[in-house]
Amino acid sequence: HLGIVPQEPKIFSGTLKFNLDPKKKYSDFEINNAVREVGLFQLMKENGRDIKRKLNMKLRENGGNLSLGEKQLICMARIFLRKNKIVVMDEATSNIDNKTDLFIQDAVDKIFKNSTLITIAHKIPDLNKYDKIMVLDNGILAEFDTPANLLEDDNGIFKELYENNLRN
């Protein structure tokens, strides 16, 4: 029931289809739908990739022929297929460019709307859409509230992080 989008996604050598469905549980229609929903083919096309082969596209070990964003979207498509109710995103957008970050944020908004989403993130502005934010300071709970309430606290850690992030 738990799906994870790690900071460094794992991709296996083989086809895109194998990476999404190694146990052959889903139809090509379901797999194509998952890939379309997360925006993977759109991002690949924008990155100048020939996507005519689609599900039969060969992937190298650790996704050597993919961008980090494409690898993240593959992980998200896996979760979409499995319909995980709890999703953990561990710094999933920390090492990607702004264009790809937008693809991932759009995918998150679309495909995880019926899931509990736990996000570990340092890109503070991305967190504004969440219901609750938990701020840890040296492993201790320092703040827990809605983004709006945390941004109203002039002495709050979240507000300071948010403002510092906007300046950089």
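Residues are numbered from 1 along each chain as its sequence is written, and side-chain values use heavy atoms, without hydrogens or water. In this predicted model, local features need pLDDT of at least 70 and side-chain atom pairs pLDDT 80 or more, while totals for chains, interfaces and linings use all residues.

**Exercise 1. Work out where S115 lies and which residues it touches.**

Step 1: Let's start with the chain. S115 is in the loop between α5 (98–111) and β5 (116–120); helices (H or I, at least four residues) and strands (E, at least two) are DSSP runs, numbered from the N terminus.

Step 2: Is S115 buried or exposed? S115 counts as buried because its relative accessibility is 17%, and buried means under 20% relative accessible area (1.4 Å probe, protein chains only).

Step 3: Leaving out residues up to four places away in sequence, S115 touches N84, K85 and V87 (heavy atoms within 4.5 Å). To one of these, N84, the S115 side chain reaches at 2.9 Å, meeting the backbone oxygen.

**Exercise 2. Find the aromatic pair in the whole structure and describe its geometry.**

Step 1: A search of the whole structure gives one aromatic pair. Rings of Phe, Tyr and Trp (its six-membered ring) pair if their centres lie within 6.5 Å; planes under 30 degrees apart are stacked, over 60 edge-to-face, and the rest tilted.

Step 2: The partners are F158 and Y162, with ring centres 6.2 Å apart and planes at 35 degrees, so the pair is tilted.

Step 3: Why are F158 and Y162 separated by about one helical turn? Because they are four residues apart in helix α7 (residues 157–167).

Step 4: Finally, check burial: both F158 and Y162 are buried.

Notes. Buried < 20%, exposed > 50% of the residue type's maximum accessible area, 1.4 Å probe, protein only. Polar contact = N/O pair within 3.5 Å; in protein donor to acceptor, adjacent residues only side chain to side chain.
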